[in-house]
Amino acid sequence: MKVLLLRPNSIMKVWPAPIGLGYLAEALRTSRGDEVKILDARRWRLSDKRLAAEVRRFNPDVVGISALTLDSPDASRSAAVVKSVLPGVPVILGGPHASACGKAVLDDPDLDYAVIGEGEETLVDLMNALDGGGALDAIPGLAFKTPDGPVYNGPRAMIENVDALNPAWDLIGPENYFSRLGKHTQNRFIKHRKSLSVFTSRGCPYHCIFCHNVFGKQFRARSPEAVTAEIAMLKDRYGVREIEILDDCFNLSKTRAAAICESILDNRLNLDFSLPNGVRGDVMDEELWDLFKEVGVFRVSFAPEVASPRMQKLVRKNADLDKMRQSIAMAADRGIISMGFFMMGFPTETYDEMLMTADYAARSRLHFALFMYLNPFPGTEVARMAGTDAMDIRFKDYFHMPVNLSAATDEELHKANKFAYQKFYMNPRRLASAFGVMPKNQHTAMHLLPGFRLLFEDSVTF
């Protein structure tokens, strides 16, 4: 069968290579021999008219769309475009939004199926059923429509052997993501335009109330050998010079993280690395930081989120903030760019607790920090705590306040956010330190200049 896998055009400005679609494409090719095309409408900023033309040209038998909650309206619009061109073609929604909302996404008349959770095995089973008339209700991880309404078959067991999964890089087309000026990585401070992302693990065992749960709470790690082989292939075949590791928790096992670094060094790959999604800062140590520096890690994110001990417990982050502060200093001592992620607006959070977060960030040796408003995405624990599934909230970006669940007034929440930015960045010593470690190139300038607006106003989409 001919399968079109689509990432919709959206309000999101960053367009990293769609690795998730690559994993799905390879699963279909390997298991079924399907003819698969990956269409990244966000990368090419396809209008509805151009999308319709691409759909008509490929003429697929099935269309799969992957979406985050932030671009779910765009996914719905893309599904409508597909149906306008090929009314009888099944349209499947997957990705974080489908996993968060479950069968509720099938209220959209243009969506026929939803793949919930990890998609590789579920999508293959669904394609087999569509191809041969198999029973849909026997496929775990699938939601589908019936005359009585949408039905969800329940979750599928997580894939244990993640070494067996590989993205179809040839269908992704890495060369399309080596733009000199485009925002093609999550890392805001790249050294080289030939930069790509990889996953070395799936799953996060922590239970933060604001986080998604696409890959489950069981940490499943790829072997150091498999990780190194993929990175070496990307370097040899596509000329990649920089890798960003997108794991939720790369250093959950310090032994494995060290083994990956050692394997990269043994193979003399000589690349630069970043961890824009972050590390668990309170479980790092001097030896692993030294290894990070030696292997070429130049940028790392930390996610303290909140500084109030009460809020740390409430959001279930349960980070050791003193150890994290020490870890931030260790990174700074080694000249590694450090970014901090903080959030404001949690249920019951007070104005004074928000100021504690601002003070923690300002006293740290972080080079950069983002103070984001809470987005209670559907399917998260914080949405349930708020007494809503958040389906009726229009999410715009992490720098826009969609709803205020805190104990502070709207005015106080905005005031605390601006105070945090100003206290953090209006520090000559910090600015000098940041300037000393940041790459001096067009990419850096492109991300920094819009960011200055956050000192004074909300809603800056990077």
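Biologist: What counts as a helix or a strand here?
Modeller: Helices are DSSP runs of H or I with at least four residues, and strands are E runs of at least two, both numbered from the N terminus. The model is predicted.

Biologist: With that settled, where is L252?
Modeller: L252 sits in the loop between β11 and α9.

Biologist: Which residues is L252 in contact with, leaving aside neighbours within four places in sequence?
Modeller: Those residues are P205, Y206 and F219.

Biologist: And what separates L252 from E160?
Modeller: Their C-alpha atoms are 17 Å apart, while the two residues are 92 residues apart along the chain.

Biologist: Let us turn to α8. What does that helix span?
Modeller: Helix α8 comprises residues 224-238, 15 residues in total. From first C-alpha to last it reaches 21 Å, close to the 21 Å expected at 1.5 Å a residue.

Biologist: Which of its residues are buried?
Modeller: The buried residues of α8 are P224, A226, V227, T228, E230, I231, A232, L234 and Y238.

Biologist: What covers them?
Modeller: The cover includes the helices α7 (169-172) and α9 (254-266). It also includes the strands β8 (195-198), β11 (242-245) and β12 (272-275).

Biologist: And what follows α8?
Modeller: G239 follows, with a positive phi near 70°.

Biologist: Which residues other than glycine have a positive phi?
Modeller: Among them are N318, with phi near 50°, and T348, with phi of about 75°. N318 lies in the loop between α11 (309-314) and α12 (321-333). T348 lies in the loop between β14 (337-344) and α13 (351-363), and is partly exposed, with a relative accessible area of 41%.

Biologist: Now the whole chain. How many helices and strands are there?
Modeller: The protein chain has 17 helices and 15 strands. Of its 462 residues, 58% are buried.

Biologist: What does the radius of gyration say about the fold?
Modeller: The protein chain has a radius of gyration of 22 Å, which agrees with a compact globule, because 462 residues in such a globule would give a value near 23 Å. Its C-alpha atoms fill a box of roughly 65 × 55 × 40 Å along the principal axes.

Key. Residues are numbered from 1 along each chain as its sequence is written. This is a predicted model: local features need pLDDT of at least 70, side-chain atom pairs count only at pLDDT 80 or more; totals for chains, interfaces and linings use all residues. Side-chain values use heavy atoms; hydrogens and water are left out. The radius of gyration is taken over C-alpha atoms; the globule rule is 2.2 Å times the number of residues to the power 0.38. Buried means under 20% relative accessible area, exposed over 50%, partly exposed in between (1.4 Å probe, protein chains only). The expected span of a helix is 1.5 Å times one less than its number of residues. Contact means heavy atoms within 4.5 Å.
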